[in-house]
Amino acid sequence: QVQLVESGGGLVQAGGSLRLSCAASGRTFSRYAMAWFRQAPGKEREFVATISWSGGSIDYAESVKGRFTISRDNAKNTAYLQMNSLKPDDTAVYYCAAGGSPLRIRIVYDYWGQGTQVTVFS
């Protein structure tokens with residue numbers, strides 16, 4: 001069992017940056033691929049980024065490529081999402097997830113956090 005808690009969300013002006021953290025409980029964190037998804041009001045939850053257990057495989061949604069960076073520190077049981085050059089379209093609740101494979105589809109992720117709000121104003 002893995003419990004995930006996101007933090008770092010907030011209100012930021014367009015062009016600014018935020019760093020989200022996802023703290024995981026349990027000693028098996030390093031076995032899981034980690035991902036970030038987001039959900040804007042009235043929209044489906046969408047893939048943002050994923051990283052394999054070792055950090056050797058990383059994938060991003062096209063909409064965030066070049067602006068967002070996913071990383072992890074297995075010693076700290078924490079995953080991160082560094083978000084730069086933020087746009088109003090990035091406004092959403094951001095969720096971290098843990099699963100067996102670093103894929104873009106939600107079904108492979110067994111554990112989810114409660115989400116953290118990111119609001120970007122112009």
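Ser7 stands opposite Ser21 in strand S3, in a predicted model where local features need pLDDT of at least 70, side-chain atom pairs count only at pLDDT 80 or more, and totals for chains, interfaces and linings use all residues. Residues are numbered from 1 along each chain as its sequence is written, and side-chain values use heavy atoms, with hydrogens and water left out. Strands here are DSSP runs (E, at least two residues), numbered from the N terminus. Two strands are taken to pair if DSSP finds at least two bridges between them. S1 and S3 (residues 18-24) run antiparallel and are joined by four bridges.

S1 and S3 belong to an open sheet of four strands, in the order S1-S3-S8-S7, with antiparallel pairing. Strand S1 (4-7) and strand S7 (68-73) are the edge strands, each pairing on one side only. From one strand to the next, the twist averages 15°; axes are lines fitted to C-alpha atoms, and angles run from 0 to 180 degrees between N-to-C directions. Strands of a sheet pair through backbone hydrogen bonds, either parallel or antiparallel.

Both senses of pairing occur at S11. Strand S2 (residues 10-13) runs parallel to S11 and is joined to it by four bridges, with Thr119 as the bridge partner of Leu11. S9 pairs with S11 in the antiparallel sense over three bridges, and here Gln117 is the bridge partner of Val93. Thr116, Val118 and Val120 make up the covered face of S11, while Gln117, Thr119 and Phe121 make up the uncovered one.

Side chains of opposite charge can pair when their charged atoms come close. With a salt bridge defined as a side-chain nitrogen of Lys or Arg within 4 Å of a carboxyl oxygen of Asp or Glu, the count comes to five. Asp90 and Arg38 meet in one of them, at 2.9 Å, N to O. Asp90 lies in the loop between S8 and S9 and Arg38 in strand S4, 52 residues apart. Relative accessible area is classed as buried under 20%, exposed over 50% and partly exposed in between (1.4 Å probe, protein chains only). Asp90, at 1%, is therefore buried, and so is Arg38, at 6%.

Arg67 also forms a salt bridge with Asp90, the closest N and O atoms being 2.7 Å apart. Arg67 lies in the loop between strand S6 (58-60) and S7, 23 residues from Asp90. At 11% relative accessibility, Arg67 counts as buried. In the salt bridge between Lys65 and Glu62 (2.7 Å, N to O), Lys65 is partly exposed at 42% relative accessibility and Glu62 exposed at 58%.

On the surface, Leu103, Ile105 and Ile107 form a nonpolar patch with about 310 Å² of accessible area together. Patches are made of residues with over 30% relative accessible area and no salt bridge, like charges being joined within 9 Å and nonpolar side chains (Val, Leu, Ile, Met, Phe, Trp, Tyr) within 5 Å. Accessible areas come from the Shrake-Rupley method with a 1.4 Å probe; for residues, only the protein chains shown count as cover. Leu103, in the loop between strand S9 (92-99) and strand S10 (109-112), counts as partly exposed at 39% relative accessibility.
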